[in-house]
Amino acid sequence: NERFSGGILQSKKGQILYEYYTGYADQDKTDSIDMDTRFHVASTSKTFTSIALMQQVQAGRVKLDDSLQVYFPLFPYKGITVRNLLNHSSGLPNYANLFPQYKWDPKRVASNTDVLYLFYANRPGLEFSPGSRFRYCNTNFALLALIVEKASGQFFPKYVQDSIFAKAGMQHSYVLSYQNPGDYLTSWDAAGRPYPFNFLDAIYGDKNVYTNCRDLLKYDSAIRHEVLLSKAWLDSAWTPSYTDKKYNDPIEQYGLGWRLKIFNDSLKIPYHNGWWHGNNAVFQRVIADTAVIIVTGNRFTNRIYSSSRAANGFRPYFN
């Protein structure tokens, strides 16, 4: 697709089978995209938040069925657990809608703590009873990042740097926050119009991992070799919790911070797509074939998501 601006990497057993870069990383079209170019991978960041949270569970500092009051004593809703956040069954409304609803000054950059305080101060109604259904919502993962901070005693971007990026050898990756807004990288909509930094762009956990294809390959390897988390806890994260009915396809499930494609022959593909502003991404672990499919883009195109079908290069996953 001639509008594609980004990177593509496909590997098996850690060996790169295909790698391709095209487009530009700047408005003036002087900085050509290559293997070192960083991209905002948007909601693919949720997999990092899931790993960080599950590391706390593995270490015994967090329990999946803890109520949120364990970490936020004044949280005004009863019956919501850490698990409900991870599998999007909390019923909490999306913070992106709440900030304008409660007259937030868009000239003021919002933080994760501001998300929490929106609920303290305004107590918006839940969209459904916790645990009764699935509804994908970024609020869940903004709060999970705060729980990681409480449990680990570290600022979430620093924790991810030390406990995920460094361990995986991801030297070109970082988490954007209110502490480093200058590291924001511009992206473009499908028509080529740039997105400027806005007041929601410093909230992390649900998004804000900046990385590149080669680092995501290292991330895949670290997951595969249990460098970041034991197989037992990875299997727990990759166990379906809910069907995502938005896709009208029974193979589309959600686990604990990971989307899942579950096939009739019990094949499983853990993955996560991402979209934020003009950035969109795919990180798809074709685990039965020891393969990974990675696509990053800084100019929006829906075609990026069709890359999931490349799994058919290994076996006939899709008709």
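User: In what order do the eight strands form an open sheet, and what is the sense of the pairing?

Analyst: This is a predicted model, in which local features need pLDDT of at least 70 and side-chain atom pairs count only at pLDDT 80 or more, while totals for chains, interfaces and linings use all residues. Residues are numbered from 1 along each chain as its sequence is written, and side-chain values use heavy atoms, with hydrogens and water left out. The order is E2-E1-E13-E12-E11-E10-E9-E8, and the pairing is antiparallel. Strands (E, at least two residues) and helices (H or I, at least four) are DSSP runs numbered from the N terminus.

User: What makes E2 and E8 the edge strands?

Analyst: Strand E2 (15-22) and strand E8 (242-243) each pair on one side only. Two strands pair if DSSP finds at least two bridges between them.

User: How do you know that E1 pairs with E2 and with E13?

Analyst: Seven bridges join E1 to E2 in the antiparallel sense, and E1 pairs with strand E13 (residues 291-297) over seven bridges, also antiparallel. The definition asks for at least two bridges, so both pairings qualify. Glycine 6 has threonine 22 in E2 as its bridge partner, and serine 11 has valine 292 in E13. Two residues lie between the strands in the hairpin of E1 and E2, where lysine 13 takes a positive phi near 50°.

User: Why is strand E1 called largely enclosed?

Analyst: Five of the seven residues of strand E1 (residues 6-12) are buried, so the rest of the structure largely encloses this strand. Buried means under 20% relative accessible area, exposed over 50%, and partly exposed in between (1.4 Å probe, protein chains only).

User: Why is the pair of phenylalanine 134 and tyrosine 254 called tilted?

Analyst: The whole structure holds 25 aromatic pairs. In this one the rings are 5.4 Å apart centre to centre, with 40° between the planes. Rings of Phe, Tyr and Trp (its six-membered ring) pair if their centres lie within 6.5 Å; planes under 30 degrees apart count as stacked, over 60 as edge-to-face and the rest as tilted, so the pair takes the last name. Phenylalanine 134 lies in the loop between helix H4 (112-122) and helix H5 (138-152) and tyrosine 254 in strand E9 (residues 252-254), so the pair ties together parts 120 residues apart in sequence. Both residues are buried. Tyrosine 254 also has arginine 259 in E10 as its bridge partner.

User: How do you know that a charge sits over the ring of phenylalanine 141?

Analyst: The charged end of lysine 46 is 5.9 Å from the centre of that ring. The criterion is NZ of Lys or CZ of Arg within 6 Å of the ring centre and within 35 degrees of the ring normal. Lysine 207 likewise lies over the face of tryptophan 276, at 4.9 Å from the ring centre.

User: Why does the span of H5 agree with expectation?

Analyst: The expected span is 1.5 Å times one less than the number of residues. The 15 residues of H5 should therefore span 21 Å, and the end C-alpha atoms are 22 Å apart, which agrees. H5 is mostly covered, with 13 of its 15 residues buried.
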